[in-house]
Every structure is written in C-alpha cells, then in structure tokens.
Amino acid sequence: MYVFISILILLAAVLLILIVLIQNSKGGGLASGFSSSNQIMGVRKTTDFLEKATWGLAGTMIVLSILITAFIPGNEITNQSEIRQQINEAPVIDPGIIAPDFGTAQQPIVSDEEISED
C-alpha cells in the first residue's frame, strides 16, 4: 500500500507541475490559445479549470502525504543498537586468511654480538 500511495503522490506532483507550467502568471497561458469565440470552452472556463485542477492536485497531495504516514513500513523494535546487532551477527573470519600475520611470522632479530660468537 505504501508503494501504491507513493506512486499516486508522484503522479499528482508531475501533473501539478505540468498544470502550473501551462498557466500564465497574468492569466494568459493555455487560455490565450483558445481566444476564438467558436470554441467549446471559453477563455474564462479554461483558466477556471486550470485553477481548480491546481487546487485539487495540491489538496490531493496533502491528503495522500498525511495518509501515507499510516502505511510507513515499521522496523522491529530491538533492545540493542544496530551496531551491536551487526557485530553479533557478523561471521567469524580467520584473520590469517584475510591478511598475513606480519608481527608473529617474522624471524627474531639477531644482534651483532650473537653473530660474532658463532
């Protein structure tokens, strides 16, 4: 349900953007193309339709945004922090497989005195 409402919000947002871009700030916009008197919808009715569609889509987005909060996927409540939980669930890996033991695999340092005694 969360994904469905998200898609509806996205569609309403895209339609709202298109309708706002169609409108002209001074009342022209799309309505200026319908200035001939033999059209079915006059100039005034076109601007009324665009204004009502703008308000309707804005209201739809507000209602859907409030409604979607009821369908937000909930996380399970844990008594540990996520970091501790990941540490506990992490598989144990032998460190010798990942990187060699540089400090423990080296030969002991022999001093000059020990060499001269041989």
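Predicted model: local features only at pLDDT ≥ 70, side-chain atom pairs only at ≥ 80, totals over all residues.
Residues are numbered from 1 along each chain as its sequence is written, and side-chain values use heavy atoms, with hydrogens and water left out.

The buried residues of α1 are I5, I9, A12, L16 and I19. They lie on the same side of α1 because they cover an arc of only 95° around the axis, the arc being that of the directions from the helix axis to the C-beta atoms. An α-helix has 3.6 residues a turn, so residues three or four places apart point the same way.

The protein has 5 helices and 0 strands, helices being DSSP runs of H or I with at least four residues, strands runs of E with at least two, numbered from the N terminus.

| Property | Value |
|---|---|
| Residues in α1 | 21 residues |
| Span of α1, first C-alpha to last | 30 Å |
| Accessible surface of the protein | about 10,300 Å² |

The expected span of a helix is 1.5 Å times one less than its number of residues, and accessible areas come from the Shrake-Rupley method with a 1.4 Å probe, only the protein chains shown counting as cover for residues. Of the 118 residues of the protein, 12% count as buried.

Terms used
Buried < 20%, exposed > 50% of the residue type's maximum accessible area, 1.4 Å probe, protein only.
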